[in-house]
Amino acid sequence: MTSPAPDDRWTDRRHDAVAARKDAYEQLRRASTWRLLAATKAPAVLSILQATFPPGDRRLPRSELVARVGAHVGLLRDEEPAPEDGAVTGRTAGDYVDTWVREGYLTRRDDQQHSETTFEPSPATIDAIQFIASLEDHRPTTTQSRLTLVIQQFDRLAQETETDRDVRLADLQRRRERIEQEIRDLAEGELLLPSSEASADRLRDILQIAGELSGDFLQYREDLRAVDLHLREQILSPETARGEILEQLLAGDDLLGQSTVGRTFTAFFRMLNDPVQTREAQELVDRLLERDFARDLDRTERERLANVFSDLYEPAQEVLDVKTELYRSLARFVRSQDFRQHRVLLEVLQEAQGLALAQKDEVPTRTPFPLELDLSRVLLSSVSQQRLKDPTDPGAPAEAEVHDATALSVEVLQDLVRTNDIDIVGLTGHVNAVRGSGAQGGQASIGDVLRARPAEQGLASVIGLMFLATQHAQQREGSTEIVTWRELDGKDYAAKVPAYYFLEDVTVD
């Protein structure tokens with residue numbers, strides 16, 4: 001038996017590697033990022049999502065989200081065939097939003113701080129938008145500034161992890177000699193600066209790295225939820241060492257914080273909230289904004305630079321809130337012994353599933369099952385048919401109280417005029433002005449006066465005119481008229497009064 005030639009072994013290994021990579025890509029092809037980029041309407045979907053969620057506005061309530069998508073929904077309908085009768089068809093903006101949630105392009109969030117469900121772009125959408133933006137900008141990543149950043153990080157890591165005292169001491173001495181040489185050169189007046197273009201390129205590279213953190217925050221939340229789900233599965237599964245996990249949780253250990261994603265975020269959050277480091281970093285940013293090469297940046301880039309750290313606080317705090325809530329929920333799940341009930345239910349389900357699998361080859365799928373179930377019936381209705389209660393609404397008004405109409409005597413009117421300080425002098429002038437205008441043929445009723453000169457004192461003015469009419473006007477027996485006026489609260493009122501006509505000027509007593 002002969003062994004395969006070296007070239008054949010290399011070819012076999014290469015083929016196995018390619019096949020494994022192909023399988024991995026098949027899995028990635030099912031991911032939301034790949035499906036979004038490969039979608040037929042990907043250009044329209046990406047452009048709408050990018051415009052709907054601008055930087056700094058990454059979470060929207062459903063009503064506002066649907067309104068923003070609705071402003072551009074025509075772009076999504078361009079590729080849909082138009083109906084022959086010209087009727088308006090197609091999905092609404094709300095339908096597209098629901099589809100994007102199912103496809104993983106949007107993430108739905110429900111929390112107590114918002115009365116309405118909020119939505120934000122998923123990590124897959126952030127990655128897709130950043131990928132398309134990199135193609136659009138055509139900015140190469142193999143720049144001198146990026147290579148310098150890589151070398152500096154390698155150098156720093158090598159120095160900090162060096163265990164040989166002599167080597168580490170020699171590195172420090174070389175760094176001191178370089179610093180002393182720079183001090184001598186600067187003291188002699190020699191000041192070497194990189195070009196403005198090179199400095200601007202380095203600044204843009206730093207901003208691009210900082211901008212990629214926004215998608216990382218979304219991924220942090222998803223990864224923490226995945227860790228929480230995995231811990232719960234371990235607690236319920238009989239095939240794992242759940243005793244150790246239960247002991248750690250009962251002892252108060254933060255298993256979420258001890259996970260890889262938890263440790264990474266905790267270190268980042270601790271550094272972000274270090275007052276000394278953040279103050280020094282902000283001072284560096286302020287100094288860079290004053291440099292001449294910073295003028296080569298556009299307005300958007302300058303704003304991103306100025307807010308590079310402040311823009312990180314809110315999403316980082318949200319990740320911390322999610323981590324804290326998941327930890328508390330997991331601790332309650334264990335301490336309340338709820339996991340025991342879930343475990344019993346899981347065992348029953350697994351037993352039922354095992355019995356079903358054991359009978360799948362013996363019992364045809366169309367065999368009648370000797371069991372009758374009484375289906376419950378419920379009256380279904382749309383949510384829109386329900387009338388919401390308004391807490392500020394006092395409810396249905398009480399039944400109106402009806403009073404019989406009674407005539408007011410002259411004495412009662414005099415009493416009302418005296419006690420309510422009615423402007424009789426002003427009303428007398430209104431009566432004479434309306435009657436003397438000639439518009440009413442030399443006469444004027446109470447309604448004519450109120451239409452020409454609105455009641456300045458509301459009902460008090462109407463009472464004053466009634467008093468003047470009983471003294472100086474002629475009543476038309478059996479006739480009435482409707483008079484209207486506006487009260488001081490802005491509401492309009494009407495009343496039926498006897499018909500009086502002023503035929504002569506009213507003298508002022």
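Which residues of α17 are buried? Keep that in mind while opening the model, which is predicted.

**Stop 1: helix α17**

Select residues 310-335, which make up helix α17. Now colour the buried residues of α17: L312, A316, E318, V319, V322, K323, L326, L330, A331, F333 and V334. That list answers the opening question, and E318 and K323 are among its members. Then move past the helix to Q337, which follows α17 and has a positive phi, near 65 degrees.

**Stop 2: T99 in helix α6**

Next, select residues 93-103 to show helix α6, and pick out T99 within it. Is T99 buried or exposed? T99 counts as buried because its relative accessibility is 16%, and the cut-off for buried is under 20%. Show the side chain of R91 as well: the side chain of T99 makes a polar contact with it, at 3.2 Å.

**Stop 3: a nonpolar patch**

Switch to a surface view and select L37, F131, I132 and L135. These residues form a nonpolar patch on the surface, and together they have about 320 Å² of accessible area. Which helix gives the most to the nonpolar patch? Helix α7, residues 123-137, does, with three residues.

End on I132, which is placed in helix α7.

Notes. Residues are numbered from 1 along each chain as its sequence is written. This is a predicted model: local features need pLDDT of at least 70, side-chain atom pairs count only at pLDDT 80 or more; totals for chains, interfaces and linings use all residues. Side-chain values use heavy atoms; hydrogens and water are left out. Helices (H or I, at least four residues) and strands (E, at least two) are DSSP runs, numbered from the N terminus. Buried means under 20% relative accessible area, exposed over 50%, partly exposed in between (1.4 Å probe, protein chains only). A polar contact is a pair of N or O atoms within 3.5 Å; within protein, one must be able to donate a hydrogen and the other to accept it, and residues adjacent in sequence count only if both atoms are side-chain atoms. The expected span of a helix is 1.5 Å times one less than its number of residues. Patches are made of residues with over 30% relative accessible area and no salt bridge: like charges are joined within 9 Å, nonpolar side chains (Val, Leu, Ile, Met, Phe, Trp, Tyr) within 5 Å. Accessible areas come from the Shrake-Rupley method with a 1.4 Å probe; for residues, only the protein chains shown count as cover. A salt bridge is a side-chain nitrogen of Lys or Arg within 4 Å of a carboxyl oxygen of Asp or Glu.
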